[in-house]
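Thanks for coming. I will go through one structure this morning, starting with how its chains meet and then taking a few elements in turn.

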Amino acid sequence: MDDSDYPGQPGGPLSPGGPLAGLTGSPAPGSFGTTGRGPRLLTGGGRRATTISTASTLVVIGALVAIFLVAPGSAEVRHTFFSPHDMWQSFIGNPKKGYYSVGEAIWLNIRMFLAAEVLILVFSLVIALIRQSTSPVLFPLRVLGVIYVDLFRGIPLLLVILAIGFGVPALQLPVISHQPLAVYGVTALVLSYSAYVSEVYRAGLNSVHRSQVAAARSLGLSQWTAMRYVILPQAVRNIIPPLLNDFISLQKDTALVGVLGAIEANNAAQIYGSTVFNYSSFTVAAILFLLLTIPLARFTDHLIERDRRRRLAGGVT
Amino acid sequence: MTEREPANAEAIRIEGLHKSFGPNQVLKGVDLRVATHEVVCLIGASGSGKSTLLRCANLLEPVDAGTIWLWGSRITGAGIDQNLVRRHVGIVFQSFNLFPHMTVLRNITLAPTKVLRTPRAKAEEEARALLDRFGLADRQDDYPDRLSGGQQQRVAIVRALAMKPQIMLLDEVTSALDPELVAEVLDVIRELAAGGMTMLIATHEMGFARDIARRVCFLEEGRIIEDAPPAELFTSPKDERTQRFLRRIVDAGRL
């Protein structure tokens, strides 16, 4: 409120010592939290907020554990899925007894993930650049790009894996029909994920303002040079969080390659289960996948937070 | 377009330029000539076509009809190497458009190293000399978002100059700046004019246009209504539309 609203009124409602004296001075920074009940719970009183959130978390977890423990089939489930003995046995494996080590099989998932990730990053960028191109010469390629993305985004990944994994060997071609199962699995993952990731790239390319293209071209840079040095670096910076999100998903989906018979973690767990009739092996596989995905998820969060801070810092981004 | 004509030759010749964006006719037959070393200012209300005219001259917008020549060489129509034309014609935008992911130095050296194939060390040396000349020597390692608007715009001018253009097109380069930052950018342009740079300048700074321009062109609705030396155009405009525009400017306290 402006002082001029009350010209020359000593002792008026807003003057020092008046009835509203406590409200006249400009509030100290951060003091808003102490003036009402609501805000205090959100901002001030950090220890109390922590206590409350810890307590509510314990209550929720406790309730879930209690339901799990009192359920009629609880003992059965605990034995079948959480038996420490079976978890350890499936983790180390024993080929003589007819089952594989889940701990060893996860390496195949990791290798498939790493190979697929690199190929996806390259292949989907090519698709995105083709779809973003404007040259009339490339029109047929653009049409192919659209068909490709529509097709592979629309078909369930599992069907793509089955089609490649059983279809390509059945063609009996030299070399390409005689590859390890994991190669077909990676091919299917690349085909399916590149369709998604190319759209992420495209969104990134579109997020760079047109004026950047104008500025680059006005300096005499060719379309490709402008893309390479000006547009693409900015686009990639904008899409790192969604890209990582897709890769978290990719890490898990390597498990689907098990349907071809490749001994990856999920398949190894299944073999253990059907050999020993105990499914604790699946719990082991789940834990191993979590150990892979959680660090990447935290890293993604970290990047998102850093990006948010950079934007808040008032940079022209 | 590679050979340079003697001084006073016609640097830019524009005839019958038409440009539409969809149903919106922005340029409706513009004729304009700019001599080498001449500074011509374009004035007119927003939307009168000043920016589009400059963007057409840099080939950032394809023209619908009409022809542009630079030193007698046609640059519109088929079979023109746009990138070659743009090496000779620098443009600076209202919104700076610096590359945010590159340092000031890299912003300036990118085009010389990639387009002219200047060795990096030499390009950096030239860039530092330019930065020094315009009082930005200590800013070479900063990213654009650390710079004030005035500094960013001066870097944008240096970036265009690094390609050693023979013509500079300036598109309302002070319009996005806080008033106290306008002078530093105008000083840079004055220095360029003093050095004999051929310039076509779209501006809302009438005082500046009066000082620096050899000729001032008033645009309205995609046509050049009046083209005269500033002393004449600002004091005794002949066309009734120019008079009306200038009266509004004076009323707004901007002249």
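**Where the chains meet**

What you see here is a predicted model. In it, 19 residues of chain A are in contact with 19 residues of chain B. On the chain A side, α10 (210-218) and α11 (223-253) each supply at least two of the residues that touch chain B. By type, the residues on that side of chain A divide into 8 nonpolar, 9 polar and 2 charged.

**Chain A**

Now chain A by itself. How many helices and strands does chain A have? It has 13 helices and 0 strands.

Chain A has 317 residues, and buried residues make up 28% of them. As for contacts in chain A with a separation of 6 or more, 67% are accounted for by residues 24 or more positions apart.

**An open sheet in chain B**

Over to chain B. Here 4 strands form an open sheet with antiparallel pairing, and their order is β2-β1-β4-β5. Which strands stand at the edges? They are β2 (24-35) and β5 (73-74) of chain B, and each has a single partner strand, so one side of each is left without a neighbour in the sheet.

Take the pair at one end of that order. Strand β1 of chain B, residues 10-21, pairs with β2(B) in the antiparallel sense over 9 bridges. To find one bridge on the screen, look for B:Arg13, whose bridge partner in β2(B) is B:Arg33.

Next is strand β9 of chain B, residues 215-220. Of its 6 residues, 5 are buried, so β9 is largely enclosed by the rest of the structure.

β9(B) pairs with strand β3 of chain B, residues 39-43, in the parallel sense over 4 bridges. β9(B) is also joined by 5 bridges to strand β10 of chain B, residues 223-228, and these two run antiparallel.

One residue to look at in β9(B) is B:Phe218, which stands opposite B:Ile43. B:Phe218 also has a bridge partner in β10(B), namely B:Glu226.

β9(B) and β10(B) form a hairpin, with 2 residues between them. In the turn, B:Glu221 has a positive phi of about 50°.

Is helix α1 of chain B, residues 50-57, enclosed or open? All of it counts here: 8 of the 8 residues are buried, so α1(B) is largely enclosed by the rest of the structure. Among the buried residues of α1(B) are B:Lys50 and B:Arg55, along with B:Leu53, B:Leu54 and B:Cys56. After α1(B) comes B:Leu59, which has a positive phi, near 65°.

The other helix is α4 of chain B, residues 120-133, and B:Ala123 has its place there. B:Ala123 has 22 other C-beta atoms within 10 Å, and it is buried because the cut-off is 20 or more.

What is B:Ala123 in contact with, leaving aside its neighbours within four places in sequence? The residues are B:Thr109, B:Pro112, B:Thr113 and B:Thr118. B:Phe234 is 111 residues from B:Ala123 along the chain, and the C-alpha atoms of the two are separated by 42 Å.

That is what I have on these two chains.

Technical notes
Residues numbered from 1 in each chain as written. Chains lettered and ligands numbered in written order. Predicted model: local features only at pLDDT ≥ 70, side-chain atom pairs only at ≥ 80, totals over all residues. Contact = placed C-beta atoms within 7 Å. Nonpolar A, V, L, I, M, F, W, Y, C, P; charged D, E, K, R; others polar. Pairing = 2+ DSSP bridges. Buried ≥ 20, exposed ≤ 12 C-beta atoms within 10 Å, placed from the backbone.
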